[in-house]
Amino acid sequence: MTRVAAVDCGTNSIRLLVADADPATGELTELDRRMTIVRLGQDVDRTGRLAPEALERTFAACREYAGIIKEHGAERIRFVATSASRDAENRQEFVRGVLDILGVEPEVITGDQEAEFSFTGATKELTGRTDLARPYLVVDIGGGSTEFVVGDDRVRAARSVDIGCVRMTERHLVHGGEVSDPPTGEQIAAIRADVEAALDLAERTVPLREARTLVGLAGSVTTVSAIAQELPEYDSARIHHSRVSRERVREITEWLLRSTHAERAAVPSMHPGRVDVIGAGALVLLAIMERTGAEEVVVSEHDILDGIAWSVA
């Protein structure tokens, strides 16, 4: 057993997993898993820089995580940073801050590396399952980018494209500093056009339509599952490996895109940090299901964070 700590810092959230990993058995025993919405990617698509207030929110979360890692006595730490920090001109400010707080340098990984970690985290525990046909298409819908990975026991093809719930919201739904409430038909069509173009790009290298099982990761997908199940609160155990049909995803997406901020905020399973970006995230998921012909999505709570933990072990 090796006690490891994995940190995944994305465009919208920063997450921590502390776990005991046993490579001999393939078991990852979770000790602590948590998520904080920090919106590191605030305005990056427009300005090309990480905002000072976004950096401070992220560093505050890092300080909290440093205490948890020390408390559990993790032997190894790996900090991975994804889309927002890849795109930012001032990413060295971010790197220095994380190094000062956690003692490790954040690795600003490529989209392809991100895809590999996501695939490992999502599929390692599916080995031996006979109810899920292969190959898998693992889709990680993040804040700034979406990763597409096709594989069975290993990755066959992967591609990261710049569509995500935060990027699409800020690019098309924000005017005068406010998010449209609800968005117009023209705004929704603009998001859809960006998503379809990104899917065209992904299909150049990833055979999206050859997959037999769609596995969906990250907060947009898990929140759609929570809404589909009408959960009284966010419940990871009920969300993990739940299945949501394409028609149900369409119904939820259409409701999210015509609802107001107050109506979305009233959903009991909705994290406050997702209220303004969930509509765009759900639309990305729906477009993927329509493009691939997937009748349902298998929702996984295990994702890039678990893949990072395995890479440390």
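**Stop one: a bridge across the chain**

Select R167 and D45: they form a salt bridge, with their closest N and O atoms 2.9 Å apart. A salt bridge here is a side-chain nitrogen of Lys or Arg within 4 Å of a carboxyl oxygen of Asp or Glu. The two partners sit 122 residues apart in the chain, R167 in helix α6 (residues 165-172) and D45 in helix α1 (residues 44-47). Helices (H or I, at least four residues) and strands (E, at least two) are DSSP runs, numbered from the N terminus.

Before you go further: this is a predicted model, in which local features need pLDDT of at least 70 and side-chain atom pairs count only at pLDDT 80 or more, while totals for chains, interfaces and linings use all residues. Residues are numbered from 1 along each chain as its sequence is written, and side-chain values use heavy atoms, with hydrogens and water left out.

Is R167 buried or exposed? R167 counts as buried, at 9% relative accessibility, and D45 counts as partly exposed, at 30%. Buried means under 20% relative accessible area, exposed over 50%, and partly exposed in between (1.4 Å probe, protein chains only).

While you're here, colour the whole of α6. Six of its eight residues are buried: C165, V166, R167, M168, T169 and H172.

How many salt bridges does the structure hold? There are 32. Pick R63 and E56, whose closest N and O atoms are 2.5 Å apart in another salt bridge. R63 is partly exposed, with a relative accessible area of 43%, and E56 is partly exposed too, at 40%.

Now jump to R192 and E290, a salt bridge with its closest N and O atoms 2.2 Å apart. This pair also links distant parts of the chain: R192 is in helix α7 (residues 185-203) and E290 is in helix α12 (residues 278-292), 98 residues apart.

**Stop three: two crossing helices**

Show helix α8 (residues 219-228) and helix α10 (residues 246-258). They pack at an angle of about 100°, with axes 10 Å apart; axes are lines fitted to C-alpha atoms, for helices over the stretch in contact, and angles run from 0 to 180 degrees between N-to-C directions. The two helices are therefore roughly perpendicular (65 to 115 degrees).

To see where they meet, select V224, I227 and A228 on α8, then R248, V249, I252 and L256 on α10. Contact means heavy atoms within 4.5 Å. Six of these contact residues are nonpolar, none is polar and one is charged. Ala, Val, Leu, Ile, Met, Phe, Trp, Tyr, Cys and Pro count as nonpolar, Asp, Glu, Lys and Arg as charged, and the others, Gly among them, as polar.

**Stop four: into the core**

Next, select F148, L214, L285, I288 and V297. In the largest nonpolar core, which has 45 residues, these touch the most other members. Such a core is a set of buried Ala, Val, Leu, Ile, Met, Phe, Trp, Tyr and Cys residues joined through side-chain atoms within 4.5 Å. Which element gives the largest share? That is α12, with 10 residues.

Zoom in on V297: leaving out residues up to four places away in sequence, V297 touches several residues, including L214, V221, L285 and M289. A second, separate core of 26 residues includes C9, I14, V44 and V98.

Then find L102, in helix α4 (residues 91-102). L102 is buried, with a relative accessible area of 12%. Beyond its neighbours within four places in sequence, L102 is in contact with C62, A66, I69, I77 and F79.

Most residues other than glycine have a negative phi, and most peptide bonds are trans. The peptide bond from R134 to P135 is cis, with omega near 0°, and P135 lies in the loop between α5 (111-123) and β6. Another cis bond joins D181 and P182, with omega about -5°.

For positive phi, go to A218, near 85°, in the loop between β11 (213-217) and α8. A218 is buried, with a relative accessible area of 16%. Finish at E230, where phi is about 55°; E230 is exposed, at 65%, in the loop between α8 and α9 (236-239).

Definitions and conventions: Angles under 35 degrees count as roughly parallel, over 145 as roughly antiparallel, 65 to 115 as roughly perpendicular and the rest as oblique.
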